[in-house]
Amino acid sequence: MQHITILGSTGSIGVSTLDVVARHPDRYRIFALTAQNRVEELAAQCERFHPEVAVVGSADAAQRLEALLRERKVTTAVAFGESALCAAVTADGCDTVMAAIVGGAGLAPTLAAACAGKKILLANKEALVMSGPLFMDAVTASGAVLMPIDSEHNAIFQCLPQHYTRTPTAHGIEKIMLTASGGPFLTRPLDTFDSVTCEEAVAHPKWVMGRKISVDSATMMNKGLEVIEAHYLFGMPASAIEVVIHPQSVVHSMVSYADGSVLAQLGNPDMRTPIAHALAYPERIASGVAPIDLVQIAQLTFVAPDMRRFPCLKLAYDALHAGGSAPAVLNAANEIAVQAFLDRRIGFRAVCDLIARVMDALPASPVDDIASVFELDRRARELAHTLIQS
Ligand code: NAD
Ligand code: MG
């Protein structure tokens, strides 16, 4: 029996995780559920899964959740705030953590899980982008098990040799190919990008996801963050990470070997597949996802990304090459820019311009400890806010 804490259980990944867990009550039990402020949904989840603990973002949300749970006669204990999130992942009663909070807010609890040697199912790519080498060192030092949930990285994990050592050349690996759908604006005329609306940007053609990652997919910053994520997860140099646009989203990524073999993982675009894979690894369990019908799909196409259309992808490669603090600054600026776009305070094109300006103003510096990561994150966010207001 695995006892699971889900960080971000009311989100898109959280809900998909509970869907898979509910199919296997003999294998998985929920230890803790967490959400920022959607207490109605969280209360309903507690009623169904009976976790020991539920964590929310504020004292006010905690009060509202307690009232709802009392009404429903659910005995789950309620807590709030970052230290409660960390306690929910490091508790003895928890052995597996689904890290599915969106953005930098997930770093502290996800890192706490890494330091405590838990099995971590990592959806929260921003946490790894911010703290890459420090996070991977924490995993190694504690003996934590890190399983990628991002569909591309989960696909690559499935195509790597079983005892992969994070040194691609030692395994005859030449490169990895991350596939990208291209998002909603793959063919939209470039001269209309100024008039892109929030509704258009979050309407992803293939995946149903949270709003932040949907905008990231439209700018392709999501793929950029994934390039950095792949670098840290698999020890892959930037030069060996290629991005290929594949609008059907059937091939979730590929590994290319020295003998000319290319291994790929295919499936319907549904996050329950990587979630079920990571939960059960090395076994395989049902996820509720239907197998693909290749005859019906008929065509799989691949094209190179156009960096003029998707300048955020180039910024991410630049940040990876620069190293040190650059990926954390990139991530922080992106989070503020995307939120400002969603709040209709800046236009679609301004997202990338803002990130570039923050990166120019805060050039890469070495990062030795996690306190410096949080400090740089804070400074980059502050600067992004100032630039938006000016
Ligand atoms: P979402 O917006 O649907 O859900 C986010 C969850 O995090 C919610 O439960 C919310 O309550 C919680 N949360 C938000 N802000 C918080 C804060 N400040 N403190 C604590 N909790 C907070 O997002 P999502 O689409 O489920 O994505 C979650 C993560 O998974 C992201 O990092 C995303 O990049 C990654 N991911 C998602 C998908 C997908 O298909 N949705 C695919 C790959 C990777
Ligand atoms: Mg992905």
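Begin at ligand 1 and select α1, which gives the largest share of the shell around the ligand, three residues; helices (H or I, at least four residues) and strands (E, at least two) are DSSP runs, numbered from the N terminus. This is a predicted model, in which local features need pLDDT of at least 70 and side-chain atom pairs count only at pLDDT 80 or more, while totals for chains, interfaces and linings use all residues. Residues are numbered from 1 along each chain as its sequence is written, and chains are lettered from A and ligands numbered from 1 in the order in which they are written.

Now select the shell around ligand 1: of its 25 residues, Gly-8, Gly-11, Ala-105, Met-209 and Gly-210 come nearest, where a residue is near a molecule or strand if its C-beta atom, placed from the backbone, lies within 6 Å of it. The elements that give two or more residues to this shell are α1 (12-22) and α6 (125-142). Colored by class, the shell divides into 11 nonpolar, 10 polar and four charged residues, with Ala, Val, Leu, Ile, Met, Phe, Trp, Tyr, Cys and Pro counted as nonpolar, Asp, Glu, Lys and Arg as charged, and the others, Gly among them, as polar.

Next, select residues 211-219 and 221-234, which are helices α9 and α10; their axes come within 5 Å and cross at roughly 95 degrees. That makes α9 roughly perpendicular to α10, the class for angles of 65 to 115 degrees, whereas those under 35 count as roughly parallel, those over 145 as roughly antiparallel and the rest as oblique. Show the side chains of Ile-213, Asp-216, Ser-217 and Thr-219 in α9, which meet Met-221, Asn-222 and Leu-225 in α10; two residues are in contact if their C-beta atoms, placed from the backbone, lie within 7 Å.

Move on to helix α7 (residues 151-159), where eight of the nine residues are buried, that is, have 20 or more other C-beta atoms within 10 Å of their own, with 12 or fewer counting as exposed, anything in between as partly exposed, and C-beta atoms placed from the backbone. The buried residues of α7 are Ser-151, Glu-152, His-153, Asn-154, Ala-155, Ile-156, Phe-157 and Cys-159. What covers them includes β7 (145-148), β8 (173-180), α10, β10 (251-257), β11 (262-266) and α11 (272-280).

Most residues other than glycine have a negative phi, and most peptide bonds are trans. Select Arg-166 in the loop between α7 and β8, where phi is near 65 degrees; Arg-166 is partly exposed, with 14 other C-beta atoms within 10 Å. His-50, in the loop between α2 (39-49) and β3 (53-56), has a phi near 45 degrees and counts as partly exposed, with 13 C-beta neighbours inside 10 Å.

Then select Tyr-281 and Pro-282, which are joined by a cis peptide bond with omega at about 5 degrees. Pro-282 lies in the loop between α11 and α12 (294-297) and is exposed, with 6 other C-beta atoms within 10 Å. The C-alpha atoms of Pro-282 and Gln-162, 120 residues apart along the chain, are separated by 9.7 Å.

Finally, show the whole chain, which has 16 helices and 11 strands, and in which 47% of the 390 residues count as buried.

Note on methods. Axes fitted to C-alpha atoms, helices over the stretch in contact; angles between N-to-C directions.
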